[in-house]
Amino acid sequence: MAITVHPSFSFSERTTLRMGGSALAEVVLTHTDDCEQLSDILLSLGGEPLVIGRGSNLLAKDGELPVVIVNPAITTEPVCVEETDETVTVHVGAGYRLPRFLNWCATHGYAGLEGLAGVPGTVGGAVAMNAGSYGCEIVDCLDSVEVFIKKIGTTVFKKTDVVLQYRHFSIPTVNDQPVILSSVFRLNKKDPQKIKKVIDDNLTRKKATQPVSAHSAGCVFKNPAEGVSAGMLLDQCGFKGKIYGGVAFSPLHANFLVNVNNGTSKEAFELLHIAQQTVLDVSGYSLELEVKVIG
């Protein structure tokens with residue numbers, strides 16, 4: 001396989017929030033062997049490399065941004081690599097879509113990630129953010145992760161060698177941003193119908209309480225403390241449904257920033273700043289962004 005280079009990349013067209021400027025280029029990997037060419041290509045393109053999956057959980061600034069998008073579109077199908085009477089380990093490519101992976105797990109009777117039902121994006125993106133929902137996090141089931149690191153090359157790290165915290169993934173021994181290529185998960189064997197019911201129930205619950213069909217990046221702020229919800233704080237301060245230009249906090253869930261009418265990143269950052277300052281003044285809690293800011 002060969003790397004594909006697209007000479008331009010529009011954040012407003014390629015992210016779930018549908019706003020932001022443009023990157024210098026996009027480099028698409030479709031196979032782990034493509035990484036052999038990656039360093040030279042990035043050097044020739046210039047700009048800071050930035051890894052993204054399907055464009056969720058991103059808020060890019062307006063204008064031309066000095067970044068090169070690295071898209072690990074490695075859609076290797078899930079495959080069982082080890083099995084016991086009660087558990088199974090499954091290998092899957094980073095570019096494989098997370099909802100599709102959950103459905104595959106349910107069909108085969110592999111449980112552990114059902115809480116992530118309704119979370120958009122790719123498996124690699126979910127690992128990179130330690131995605132979580134309804135008491136489930138990627139860290140609960142991750143066994144190992146295969147990454148490309150500029151100065152090291154392609155290598156595999158066990159879960160014990162990486163840091164997975166609340167919406168955070170890093171490798172302590174590495175300074176460069178790792179490109180996640182694939183992951184291995186350790187899952188439990190259960191009745192497929194029971195797994196599917198949990199997924200369906202979680203999807204129904206999520207659709208009733210979150211704007212899953214809107215142009216949104218997901219939750220925009222991290223919960224500031226154990227048992228303290230950013231959405232609750234925003235709601236108490238009157239931000240649920242609040243519109244500012246073309247952006248708004250969702251009327252379904254105050255912690256979801258949505259693009260309601262061709263909103264700009266400038267408007268988004270202004271609204272987020274107002275919300276942060278208001279919540280700090282009223283509650284004393286400082287809200288930290290969960291979405292990744294680009295530029």
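A disulfide is counted when two cysteine sulfur atoms lie within 2.5 Å. Keep in mind that this is a predicted model. By that rule, the number of disulfides is zero. Take Cys80: its nearest cysteine sulfur belongs to Cys105 and is 11 Å away, so no disulfide is counted there under the 2.5 Å limit. Cys80 is partly exposed, at 31% relative accessibility. Cys219 is also in no disulfide, with the sulfur of Cys136, the nearest one, 15 Å away. Its relative accessible area is 24%, so Cys219 is partly exposed as well.

Now the charged pairs. Side chains of opposite charge can pair when their charged atoms come close. How many salt bridges does a search of the whole structure find? It finds 11.

One of them joins Asp143 and Arg186, with the closest N and O atoms 3.4 Å apart. Asp143 sits in strand E12 and Arg186 in strand E16, 43 residues apart, so this pair links distant parts of the chain. Asp143 is buried at 15% relative accessibility, whereas Arg186 is partly exposed at 36%.

Another salt bridge is between Lys222 and Glu288, at 3.2 Å from N to O. Lys222 is in the loop between strand E17 and helix H6, and Glu288 in the loop between helix H7 and strand E21, so the pair ties together parts 66 residues apart in sequence. Is Lys222 buried or exposed? Lys222 counts as buried, at 18%, while Glu288 is partly exposed, at 49%.

Finally, Glu137, Arg167 and Glu290 are linked in a network of salt bridges.

Conventions
Residues numbered from 1 in each chain as written. Predicted model: local features only at pLDDT ≥ 70, side-chain atom pairs only at ≥ 80, totals over all residues. Heavy atoms only, no water. Buried < 20%, exposed > 50% of the residue type's maximum accessible area, 1.4 Å probe, protein only. Salt bridge = Lys/Arg side-chain N within 4 Å of Asp/Glu carboxyl O. Helix = DSSP H or I, 4+ residues; strand = E, 2+ residues; numbered from the N terminus.
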